Amino acid sequence: MSYSQEPAGGIQFDYPMYDVLLAFGDSITQFGNDPTNSGWLTHLSRYYERRMDVLNRGFSGYTTKQARQIAHRTLPKVQRKAVQPESAPSNARRWLTWLPWLPNSDKMAKRARDSKWPGRDGTFPASSPVVQLCTIFFGANDAALEGSYQHIPLDQYTENLRYLAGLLRSPDSEFYSPDTRILIITPPALGDRMHEDWSRRTGWSQPARKNAVTKKYAEAAIAVAKELDLPYVDLWTAIQTRVQKSRERGIQFALGSDREQDISRNFTANAPLLKPGYSNGVGTVSKYDGYEKYLIDGLHLNSNGNKLLFRLVVDAVTTTWPEMKPSYV
């Protein structure tokens with residue numbers, strides 16, 4: 001039995017597929033498909049449903065060094081041409097015949113005719129997949145402390161990011177894809193106390209990461225993005241600033257409203273006065289400094305962290321490329 005369709009002339013067409021959003025990263029990407037934790041990629045799948053397929057290519061524990069080694073099995077080498085209307089597979093042609101029966105059918109039919117993808121508004125777009133957007137999200141493991149098996153020196157990390165982006169941007173690359181949009185995402189802020197507790201509970205003698213070190217890798221990712229004129233999501237700063245504001249409010253409540261203005265003016269000097277967990281019956285200083293609002297173990301995103309990342313990605317993508325809004329894809 002043959003499952004391929006061979007129209008007159010012997011020309012064979014692939015089964016029609018949606019274009020692709022390819023998410024390439026470490027465990028924070030891999031776990032992004034977890035619906036029980038509001039995974040950021042599950043939200044993106046919902047956001048782009050019937051417009052793009054979201055492919056999760058996250059690899060738990062991987063660094064940019066390992067990403068370079070598996071890139072040839074992750075990135076597509078060629079982009080196929082779109083199927084023309086007159087030779088569209090039968091399911092797409094069948095959908096087009098239903099257009100007159102649908103609301104706003106004239107407008108939808110015009111969009112289908114004018115597009116490279118006839119039937120794009122429906123369930124079966126008549127084109128082979130193209131990677132419209134690729135997110136590159138590494139650094140949480142690279143930033144492991146020196147001596148850790150995961151540690152990647154900062155200069156090598158930046159070079160590896162350049163290399164991964166260059167696979168899609170360089171005309172000399174076998175993966176060259178000039179139409180693919182690239183978005184770089186920085187590693188998230190690290191909750192030091194939280195990660196230390198997690199490390200102790202799971203048998204590690206000491207934590208392998210520090211937030212101050214991760215910050216340098218986040219800054220390096222931003223520097224590479226700016227150097228290559230690519231948009232980026234600064235997840236480190238997004239979490240850090242929210243945690244900082246949350247902690248300030250917690251200390252303000254715990255000390256009492258009469259000292260709120262004092263604390264706001266001199267937060268750094270006053271913060272050490274209160275130990276995590278202190279409460280005056282009105283407010284409580286968080287045991288983990290507020291990082292537990294966004295992180296599970298001090299490193300990986302919880303439900304709130306995933307929702308935050310989803311919003312940041314959508315904002316960066318639609319601001320940089322308005323044509324990537326679902327209504328236009």
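Which residues of S1 are buried on one side, and which on the other? In this predicted model, Asp19, Leu21, Ala23 and Gly25 are buried on one side of S1, and Val20, Leu22 and Phe24 are buried on the other.

**View 1. Strand S1 is mostly covered.**

**View 2. S1 pairs with strands S2 and S3.** With S2 (residues 52-58), S1 pairs in the parallel sense over 7 bridges. Here Phe24 has Arg57 of S2 as its bridge partner. With S3 (residues 131-137), the pairing is also parallel and runs over 6 bridges. Leu22 has its bridge partner in S3, namely Cys134.

**View 3. The largest nonpolar core has 40 residues.** Trp40, Leu44, Ile239, Leu309 and Val313 have the most contacts inside this core. Elements giving two or more residues to the core include S1, helix H2 (40-47), strand S4 (181-185) and helix H12 (303-320). H12 supplies the largest share, 7 residues. Leaving out residues up to four places away in sequence, Leu44 touches Leu21, Val54, Phe310, Val313 and Val314.

**View 4. Another core, of 29 residues, lies apart from the largest one.** Among its residues are Phe24, Leu75, Ala221 and Leu228.

**View 5. Gln240 is found in helix H9.** H9 covers residues 235-255. Gln240 counts as buried because its relative accessibility is 16%, and buried means under 20%. Neighbours within four places in sequence aside, Gln240 is in contact with Ala189, Asn211 and Tyr291.

Note on methods. Residues are numbered from 1 along each chain as its sequence is written. This is a predicted model: local features need pLDDT of at least 70, side-chain atom pairs count only at pLDDT 80 or more; totals for chains, interfaces and linings use all residues. Side-chain values use heavy atoms; hydrogens and water are left out. Buried means under 20% relative accessible area, exposed over 50%, partly exposed in between (1.4 Å probe, protein chains only). Helices (H or I, at least four residues) and strands (E, at least two) are DSSP runs, numbered from the N terminus. Two strands pair if DSSP finds at least two bridges between them. Contact means heavy atoms within 4.5 Å. A nonpolar core is a set of buried Ala, Val, Leu, Ile, Met, Phe, Trp, Tyr and Cys residues joined through side-chain atoms within 4.5 Å.
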